[in-house]
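Student: I am new to this structure. Can we go through it by asking what each label rests on?

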Amino acid sequence: MPIYRVVIDYDRCQGCKNCIKACVMGVLEAIDDMPYAVNPKECRGCEDCVKACPNDAIKIVYEGIA
Ligand code: SF4
Ligand code: SF4
C-alpha cells in the first residue's frame with residue numbers, strides 16, 4: 001500500500017475546513033477549529049483536500065510503499 005503524509009502549513013491555514021469536507025476517507029478532522037490528519041493511514045493521495053484549500057496550506061507527500 002502506498003503511504004502518504006499530509007502536511008498542513010498552519011501559518012497559511014485559516015481554519016476554513018474545506019479540506020476536511022473534501023476528504024471522503026475521513027483522514028482529516030478539526031481539533032480546536034483547525035484541521036489535523038487524524039487517520040493518515042486512510043489517505044489515498046487523491047489531493048482533493050489540496051484542491052479544496054484556498055490558501056495553498058495543505059500538501060500530500062508520497063512516502064513510498066509499505
Ligand atoms: S489526499 Fe485525498 S485521501 Fe488524502 S487527505 Fe487529501 S482528500 Fe483525503
Ligand atoms: S482548506 Fe486549507 S485553509 Fe482551509 S482548513 Fe484546510 S488547510 Fe486550512
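Tutor: Start with Cys43. In this predicted model, Cys43 touches Tyr4, Val6, Met25, Val27 and Ile60, leaving aside residues up to four places away in sequence.

Student: What makes these count as touching Cys43?

Tutor: Two residues are in contact if their C-beta atoms lie within 7 Å. Tyr4, Val6, Met25, Val27 and Ile60 meet that test with Cys43.

Student: How much of the chain is buried?

Tutor: Buried residues make up 20% of the 66 residues.

Student: Which residues are closest to ligand 1?

Tutor: Cys23, Val27, Cys43, Cys46 and Cys49 are the closest of the 15 residues that surround ligand 1. Strand 1 (2-8) and helix 2 (48-52) each give two or more residues to that shell. The shell divides into 11 nonpolar, one polar and three charged.

Student: And which are closest to ligand 2?

Tutor: Cys13, Cys16, Asn18, Cys19 and Cys53, out of 14 surrounding residues.

Student: In what order do the elements of the chain run?

Tutor: From the N terminus on, β-α-β-β-α-β. That comes to two helices and four strands.

Student: Why does the radius of gyration agree with a compact globule?

Tutor: A compact globule with 66 residues would have a radius of gyration near 11 Å, and the chain has 11 Å, so the two agree.

Technical notes: Residues numbered from 1 in each chain as written. Chains lettered and ligands numbered in written order. Predicted model: local features only at pLDDT ≥ 70, side-chain atom pairs only at ≥ 80, totals over all residues. Near = placed C-beta within 6 Å. Nonpolar A, V, L, I, M, F, W, Y, C, P; charged D, E, K, R; others polar. Rg over C-alpha atoms; globule rule 2.2 N^0.38 Å. Buried ≥ 20, exposed ≤ 12 C-beta atoms within 10 Å, placed from the backbone.
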